[in-house]
Every structure is written in C-alpha cells, then in structure tokens.
Amino acid sequence: MTMNPFDGAHAPYVDLNSLATAYGTPLYVYSADGFIASYQGFAASLSALDSHIHFAVKANSALGVLQVLAKQGAGADIVSYGEMKRAMMAGIPPEKIVFSGVGKTDAELASALTDGIGQINAESSAEIDHIMRIAEQLDVIAPVCLRVNVNVDPKSHAKISTGQRSTKFGIPVDDGQAKILYKAICQNPHIKPMGLAVHIGSQLTELEPFETAYLELLGLADRLRADGYDVPGLDLGGGLGIDYATNQPVDFASYGRLVTRIFSNRGYRLGFEPGRSIAADNGVLLTKTIFVKDGGDKRFVIVDAAMNDLLRPTLYEAYHTIDCLSPRDPHPLPADIVGPVCETGDYLGLGRTLPDVQEGDILVVRSAGAYGAVMMSNYNTRPEAAEILLDGDKVHVLRPRRTLDELLALEHLPL
Ligand SMILES: Cc1ncc(COP(=O)(O)O)c(C=O)c1O
C-alpha cells in the first residue's frame, strides 16, 4: 500500500510550517514522490492485465503534476481541449490521450483530431454525427469509443454520480441505443472503433457498483463481438474513492483483484481513468488563522483560505481532515473553520475538534490534491492559492499567487 506523504506518521516528514512561511498562504503543497507511489500502486494492481492508465486531468491539472505522471508513462483523460493542451505541454503524447465529456465542441474535436488524439469517448448520437463530419472534412480517421450508461448507482454523492440513466452521461445500454450506435461507427470509413467505456461516478467507496457496471459493459462487448463487430478495448473509467475521514491509503490491490477477476483472459485491451485515487492524498492546502471568534457554544476559526480556494466542502458537503500545525492545548468547544468570503457556505470544516488555535497558526487541510486547486476561482476578487511541488529536497513553484494587478489585467473600463 502507498503511504500518505503528508501524514506525520509516515516518512518523509515535511515541515509544512516552514513552507507556509516561505511561500505564503493559502498554499497547495503536492508531493512528487507521493504521486509516483500512487501511480505505481495503481499500475501494480493491474499488472496481470493489458492495461493503460490515463490520469484524469480534471482532478489535478497542474503542469508540474502532469509532468511527474508523464515521466511515469501515464496517459491522460481529458474533458476539454484546454486539458489536452496541458497534457501535451507536460509531455504526454497525443496518442495516449482520451477525450471524455458530453459536450465537445466542433472546434475542440477538430483540434484534438488534428493533434492525433488517441481516443474520443463519444457520449451521444449527435456527437458521433459531428465526429464523422469533422473527420471527413479533415480527411482523418477518428478513433472512437462509446461511453455507455449502464444505469448503475455508484452510491456516491449525487453531484458526482454519473452511472444512472437520469444523468447526462453515456449512451444507454438498456434500450439498445449503445448497440445500434456501435454498429454504426463500425461501418463508417472515417471512424476506427476503439471499444466501449464506462465511468459511473467518483468517490466510490464500495467495489460492488464497479462490479455491476463492469459486468454490464463486458456483456455488451461480448454480444457485439458475437455479432462480428470489432471491440478491441474497454475503458473502465475512474472513480476509486479515498478515505477522507481517516486518511488511510487507497486500497488499489482490492480494486485490481476485482478487475483482474472480471477481465483477465477476455482479450480486451483495458483503459483506466483514475484521478482522485492518484491525486487526493498527495496534496494538502495550508492556510493561516486570521482571527478566532467566539460563537457562543462554538468557535469560528477564520482562516485565509476560502471556498474559492477549496470548493469541495460546500459544493459536495465534503469532509477534509483539518489539523493545527502548532502544538496547542485542547479546547472544549467545537470549531467551524471558515474563510473570509461573504457566504455562509464558505467553510472548510464544521463542528471540528481543534486545539486552542491562535491567530497566525497554520492549519493543514488534508487530502486536497484532487478537485482542489483545479476548481479555484477569484470570487470576492481573491487571487488563487499558490501551488508548489515537493520533489525530494527540492521545492518547485508550479504556480505563484497572482498579484491583484495581474488578476485585473484583462479587464477594461468601458467609460
Ligand atoms: C469520464 C471520467 N473519467 C474519469 C474521472 C475521474 O474520476 P476519479 O477522480 O473519481 O477517479 C471522471 C471524474 O468524474 C470522469 O468524469
């Protein structure tokens, strides 16, 4: 199992207080060693299979992080041409890139095909029509995989569940659409059929929904093959969850055993799109306490990171472990850790047991390496947190904090 590099119980020990002082707060800190260990852990769990890993860039798209993964041989799963550009800048070759998402524009499809994208996961009949037309105009062969909807509840948060028929994702299997469309793409001279894809959601903490979805996918693929159609690959998506509450390492091995049991010796080339399971535990958000306010039966610990820096708590009611880095006495009252943004929803944690935090103390928000920095905004005209990468004893600034002048530079006064 891979260790959480920021959990003080494990090596390497990281002096987060000094980093906060040196680089300012709020600050995202990533561990290159951690990313490598997680990537290798995921890959090792699938070593018995013909598998190809495409890191879900949406989880953490920092160029420096992508470069670390590129050097490990990772491909990329992208959901916009912007992410494709990032992946290629970081050294991931276009043929190792998979383009997911329900709303790819013609311009994005054309750019991706011109660059030589490895696979487009199409999600609707309309999208397939557009791909066919664009491929014909460009006189290229588009590598197309069908993302199917197998109507499986991933048992995750509603906003990150994608497996049910009620969601916008994938082409339904149960009414026969997926089969009809797959046969159609096999007959088009401008399309190279790549197979079928499934991704039922994110932060899955049970394996059973994966199993149900994978068996549905396999059933459809086998039926298509029995009808004489070429189904070279199956893309099994991402979704493997992490333990935000206890920060225990991700159990890649159990997931790998499940996939191996279902797919070994079936003759399919397998693709994977992990994001959170590779990134989450390998990043933390550091934030400084501005004030501590008496709230009667609780305290408000007001910090300099806010919902614009880490949206997950308020968007998904997500829990992140938060610790104070200064040794302080215990405090009897619970604490809400809140930011300066003028919204009641601006919080990082509610009702937490924290010691007697003082002004200036640094708090560490754990498991913030996935769906953290990528969702930052400038709400309340707040420059985004900076991002740094620890690489052995070196510290790389991946993205400095913008100054207010830089933040406002593209705007115009109309009068
Ligand atoms: C198509 C697709 N693939 C992969 C992922 C990555 O999922 P996760 O970060 O849960 O591994 C997502 C995110 O939801 C996705 O939409």
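**Ground rules**

I number residues from 1 along each chain as its sequence is written, and my side-chain values use heavy atoms, with hydrogens and water left out. As the model is predicted, I ask for pLDDT of at least 70 for local features and count side-chain atom pairs only at pLDDT 80 or more, while totals for chains, interfaces and linings use all residues.

**Entry 1: domains**

I began with the division of the chain, which gives domain 1 (46–273) and domain 2 (281–408); such bounds come from an automatic or database domain assignment. Taken over C-alpha atoms, the two domain centres are 33 Å apart. I found that 19 residues of domain 1 and 18 residues of domain 2 take part in the contact between them, where contact means heavy atoms within 4.5 Å.

**Entry 2: cores**

Next I looked up nonpolar cores (sets of buried Ala, Val, Leu, Ile, Met, Phe, Trp, Tyr and Cys residues joined through side-chain atoms within 4.5 Å). For burial I use relative accessible area: buried is under 20%, exposed is over 50%, and partly exposed is in between, with a 1.4 Å probe and protein chains only.

The largest core has 105 residues, and the members touching the most others are Leu146, Leu196, Leu234, Leu236 and Val259. Its biggest contributor is helix α8 (residues 208–226), with eight residues. My helices (H or I, at least four residues) and strands (E, at least two) are DSSP runs, numbered from the N terminus.

A separate core has 14 residues, including Leu16, Ala20, Leu27 and Ala386.

I then picked out leucine 234. Setting aside neighbours within four places in sequence, I listed its contacts, among them Leu196, Leu217, Leu218, Ala221 and Phe263. Tyr268, Arg269, Leu270 and Gly271 are also in contact with leucine 234.

**Entry 3: the ligand**

I counted 15 residues around the ligand, a residue being near if one of its heavy atoms lies within 4 Å. Those that come nearest are Ser202, Gly239, Glu273, Arg276 and Tyr371.

For polar contacts I take pairs of N or O atoms within 3.5 Å; within protein, one must be able to donate a hydrogen and the other to accept it, and residues adjacent in sequence count only if both atoms are side-chain atoms.

- Tyrosine 371 has a polar side-chain atom 2.6 Å from a ligand oxygen.
- The side chain of lysine 58 has an N or O atom 3.1 Å from a ligand oxygen.
- The side chain of aspartate 77 has an N or O atom 3.3 Å from a ligand nitrogen.

How much of the ligand does the protein bury? Taken alone, the ligand exposes 390 Å², and the protein buries 93% of that. These areas come from the Shrake-Rupley method with a 1.4 Å probe; for residues, only the protein chains shown count as cover.

Tyrosine 371 sits in the loop between β16 and β17 and is buried at 12% relative accessibility.

Serine 367 is not a glycine, yet its phi is positive at about 50°, and at 2% relative accessibility it is buried.

I also logged a cis peptide bond between threonine 25 and proline 26, with omega about -5°. Proline 26 lies in the loop between α1 (16–23) and β1 (27–31).

**Entry 4: aspartate 361**

Is aspartate 361 buried or exposed? Aspartate 361 is buried, at 3% relative accessible area, and belongs to the loop between β15 (347–352) and β16 (362–365). Its side chain makes a polar contact of 2.7 Å with that of arginine 328. Beyond four places in sequence, its contacts include Thr287, Lys288, Thr289, Cys324 and Ser326.

Phenylalanine 300, in strand β12 (residues 299–303), is partly exposed at 23%. Its C-alpha is 41 Å from that of alanine 253, 47 residues away along the chain.

Proline 172 is in strand β7 (residues 171–172) and is buried at 10% relative accessibility. Its C-alpha lies 4.6 Å from that of asparagine 149, 23 residues apart along the chain.
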